[in-house]
Number of protein chains: 2
Amino acid sequence: MRDVFIAGVGQTPITKDPQCRGRYLGAAAVKAAIADAGLEPSRIGALYVGNMLSGILAQQQQLGGLIADYTGLAGIEAVTIEAACASGGAAVRVAYQAVAGGIHDAVAVCGVERMTHVERDAVTRALATAADWELEGVCGESFLSLNATLMRAYMDKYGVTAERFAPFAITAHRNALTNPNALLHKALDLETYMNSRIVADPIRLFDVSPVCNGASAVILAAPHVAAELANGPRNGPRVRVAGSALATAPLALARRTDPLDLTAVSSSTQQAMKQAGVGHDDIDLFELHDAYTIMTALTLEAAGFARAGTGLDFADGVRIGLRGELPLATFGGLKARGHPVGASGCYQVAEAFLQLTERADANQVPDAGVALVQNIGGTGATVVSHVLTRED
Amino acid sequence: MRDVFIAGVGQTPITKDPQCRGRYLGAAAVKAAIADAGLEPSRIGALYVGNMLSGILAQQQQLGGLIADYTGLAGIEAVTIEAACASGGAAVRVAYQAVAGGIHDAVAVCGVERMTHVERDAVTRALATAADWELEGVCGESFLSLNATLMRAYMDKYGVTAERFAPFAITAHRNALTNPNALLHKALDLETYMNSRIVADPIRLFDVSPVCNGASAVILAAPHVAAELANGPRNGPRVRVAGSALATAPLALARRTDPLDLTAVSSSTQQAMKQAGVGHDDIDLFELHDAYTIMTALTLEAAGFARAGTGLDFADGVRIGLRGELPLATFGGLKARGHPVGASGCYQVAEAFLQLTERADANQVPDAGVALVQNIGGTGATVVSHVLTRED
C-alpha cells in the first residue's frame, strides 16, 4: 500500500433551496475540487459518490455515472457508496483503498444529498431507513426518537441535565458564523437553547442538526501526483490520509450489549489512529458526527477522549473552541454547517483539509497538524474514521 | 497490486416468495460462501453488499452493517455499493480493489435483492430510478419502454424481425432447467416465444428477465490465503480474477451519441481483457447481462464478439449452447435463472466460478478455462466486466 494525499477539495454552500438539483450540486462540487487541486480532469481515474436518499426521495439511483457525466467525466469508473449518514465518509474510505492499493493514481469523491424538495414527513421516513426497519422502523421509531432514547438513557444513567449538552450546539453555531458554506448563521446562547421546543423528549430543537441540501468533493492522489501538484501553482503544505478505517455495529439498539457504548466508534478510531501512529494528545481538531448533541458526548467517550459518563466534561466553549484543547465542529459541524446526510462525511474531510493547509481563515485552528474526522451512519452502526496529517 | 482469487461462492435459490427477508437471504448466501471456501469466518476483513432497491422497497438502507451482523460478522468493515442493476458486479469490483491493493486478505461480497413483496407497479417505478429521472423517468419512461426503444431502433436499422431474438431466450431457459437455483424451470420454444404477449412493442414477455428475490455471495482472497485453502479440504483448481474493470456512460439515451452503441460495454470489456491478457478467442463462456434479449445483441457487438448489426448471428442455440462456440447464460442467465437486480452480478460470478472449477454438473461447459462476466446498470450506463481464469 502506498501513501494517499488529499490534492484538493470543493464545497457547495449548504441550502434549504427546494429547487436545487442533485446532479448539478454534485458536479459543481467535483469541478471545484478538481480546480482546487490544479489537476487535469482527464487524470481522474474514478468517481466515488456518497449518497443516502436519492433513490428514495428523488427517484434517482446510479448517481456515480450521472454525476460523472455532468462533471465532464463521462466514461470513467463511477459508483455510489451507501452507509446511511456515513455514506460520504464511506465513499472516502473506498476511494482511499483505490489509490492506496494502486488501482488509480487520482480519484474524486463526492458526497451529495438533497432533502428539502419533499415534505418533512417524507424525510423523516426516509431517514428511518438507516435504522433497523424490522426491529425499529416498523415500531414507529425515527432517527429522532432513537437519539432521544439514547439521550434519556444517558441522562438517567449519569444524572445529568439537558442544559449540560448546550455548549456542543452553541460552539458549533459560533463556528458556523464565519463559514460561508454553512446553512445556519445564527449565534446561539444557553437561554435560546433551553427555550427551544422539545422535539422528542429530552431532545430540544437545538440539539438536532438541520435538514438541508449540499455537495462536497475531495480529490485523493498517489504520492507522485501529489508531489507534482505541490510543485505547481497550488503550492502549500500537503495533507496525507495517514489513517483510514471503517467499522460496524448491529443496526438495532436492541441488538447491542450496551446502546450507550458506540463500539464501532471505538474500533474505527483505534484502527485509524494506530495506522497513523498518533495518540489522543496528537489530535489538533476533531470533526465528529454531531448530528445530535448526545452523539457528540457518546463519541468523545467511545473514541477515547473521555471515560464513560464524562463526555460532557468537554461541553465547554473554551475547551472545544478553535483555540481550545480539542476543537470540535470547526466550521459549524453537522449541527450548524448543516447535515445533508450522505454529503456530510465529505464536508468534514474538506474542512479538515482547509484547517491543515491553513486556509480556514476566521475558523483557523492555530498550528493544526493532525485532524481526526469521523462520520457515523445510523445510531453508531457504520463508523468511518480518518486521520489526516499535514506533511510540511 | 497482487493477484486476487475466488475462494468460494454461495447462492440462495431464486424465488418469488413475498415472505423472504433480505437480511436472512444475504446472510445465508454469505455463510454458504464462507463454508464453500473453507475459511474461518473471523478471517473475513470486510463485506461489500451490492443492492439497488432495499431503501426504496423495503425501507432498509445500511445493508452492509445489517448483513454483517446477521452473518455473525458484526463489527467488520461493511458498506453497500449501488450502481442500479450493476450493483452486484460493482460490489465485486470494489472488493477486488480491497484485496488487490492489500487492504484486506479476504473479503466477502454479497448481492441481494427482494422485489416481490410489493405491487408490480411499485417495482416498475423503483427500477426506473436506474434511468435518468429528469430526462426519462418524468416522461413516463420505464426500463421496459427504454429497452423497447432500443429494440425497435435496432430492428429498424438492421431490418431484422423479432423472432431473430428468440434463441437467446430459448437457450437461457434450456440451461436453467438443470440449475436448482434458477427461478424458471420451463422449456421455451419458438412458438411459445412468438405467441407470448407483447409487453412493450416490440418486446415480448419472453424477451424480459423476471422480477424475483435472491442473494449470492463470493469470497475473494489474496494469493497466500487462496494457496492455504487450496492445500486444505477444498482441493481443486483455483480461480483468479485476472481482469476487472468498471466503466460508465451517460444515463439518458438522449445524452449518448448512438444509443445502439454501448460504449461502456466496449470500454470495460477491453480494459478487463487487456489486464487479463486474453483475446476474444480465449473466452470459453460469457455470462452477459441478458436482462432483455436486445441487451444480449448489443452487448455481443460492443464487447467485440460481433460487428455492429451482426450480434444476432449468435442467436443460435448451437453456437451459444454449453458446447458451442461462445456459451452464454450457462445457468439460465438473467432471463431464466432470474434477475434479482442488485444480486445478479454476484450470481454471474458464482456461476462462472462453478464452471471454472468443474462443479457445474449438467451445465458444465467442457474445458472451461476463461470466463468473461459482465453486469450492466441502466441501459448501459454502468458496466462491470471481470475476466476469471482457471489456474491449474
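Student: Helices here are DSSP runs of H or I with at least four residues, strands are runs of E with at least two, and both are numbered from the N terminus. Where is the place of A:Ala84 in chain A?

Tutor: The model is a predicted one. In it, A:Ala84 lies in the loop between β3 (77-82) and α4 of chain A.

Student: What is phi of A:Ala84 near?

Tutor: Phi of A:Ala84 is near 55°, which is a positive value in a residue other than glycine. Most residues other than glycine have a negative phi.

Student: Now peptide bonds. Which form, cis or trans, has the bond from A:Asp201 to A:Pro202?

Tutor: The bond from A:Asp201 to A:Pro202 is cis, with omega near 10°. A:Pro202 sits in the loop between β5 (198-200) and β6 (203-204) of chain A. In general, most peptide bonds are trans.

Student: And what joins B:Asp201 and B:Pro202?

Tutor: These two residues are joined by a cis peptide bond, with an omega of about 10°. The loop between β5 (198-200) and β6 (203-204) of chain B holds B:Pro202.

Student: Let us turn to the two chains. What rotation superposes chain A on chain B?

Tutor: A rotation of 180°, with 0.0 Å of shift along its axis, superposes chain A on chain B, at an RMSD of 0.0 Å. That is the relation of a two-fold axis.

Student: Which C-alpha of chain A is nearest the axis?

Tutor: The C-alpha of A:Gly101 is nearest, at 1.7 Å from the axis. The two copies use the same surface, since 100% of the contact residues of chain A recur in chain B.

Student: How many residues does the contact take from each chain?

Tutor: Chain A gives 55 residues and chain B gives 55 residues. About 4600 Å² is buried between the chains, and carbon and sulfur atoms give 47% of that area.

Student: Which three residues supply more of the area that chain A buries than any other three?

Tutor: They are A:Gln61, A:Gln62 and A:Glu82, which supply 16% of the area that chain A buries against chain B.

Student: On to helix packing. At what angle do α6 and α11 of chain A pack?

Tutor: Helix α6 (residues 143-158) and helix α11 (residues 293-302) of chain A pack at about 60°, with their axes 9 Å apart. That angle makes α6(A) oblique to α11(A), and the crossing is left-handed.

Student: Which residues meet there?

Tutor: From α6(A) come A:Asn147, A:Leu150, A:Met151 and A:Tyr154, and they meet A:Thr293, A:Ile294, A:Met295, A:Ala297, A:Leu298 and A:Glu301 of α11(A). By class, seven residues of this contact are nonpolar, two are polar and one is charged.

Student: What about α4 and α13 of chain A; how far apart are their axes?

Tutor: The axes of helix α4 (residues 87-100) and helix α13 (residues 344-356) of chain A are 5 Å apart, and the helices pack at about 65°. A:Gly88, A:Gly89 and A:Val92 of α4(A) make the contact with A:Gly345, A:Cys346 and A:Val349 of α13(A). Three of the contact residues are nonpolar, three are polar and none is charged.

Student: Last one, in chain B. Is the crossing of α1(B) with α3(B) left-handed or right-handed?

Tutor: The crossing of α1(B) with α3(B) is right-handed. The axes of helix α1 (residues 22-37) and helix α3 (residues 63-70) of chain B come within 8 Å and cross at roughly 65°. The α3(B) side of the contact consists of B:Leu66, B:Ile67 and B:Tyr70, while the α1(B) side includes B:Arg23 and B:Lys31. Six residues of this contact are nonpolar, two are polar and two are charged.

How values were computed:
Residues numbered from 1 in each chain as written. Chains lettered and ligands numbered in written order. Predicted model: local features only at pLDDT ≥ 70, side-chain atom pairs only at ≥ 80, totals over all residues. Heavy atoms only, no water. Least-squares fit on C-alpha atoms with pLDDT ≥ 70 in both. Contact = heavy atoms within 4.5 Å. Axes fitted to C-alpha atoms, helices over the stretch in contact; angles between N-to-C directions. Parallel < 35°, antiparallel > 145°, perpendicular 65-115°, else oblique. Left-handed = near helix turned anticlockwise from the far one by under 90°. Nonpolar A, V, L, I, M, F, W, Y, C, P; charged D, E, K, R; others polar. Buried area = accessible area lost by both parts, 1.4 Å probe.
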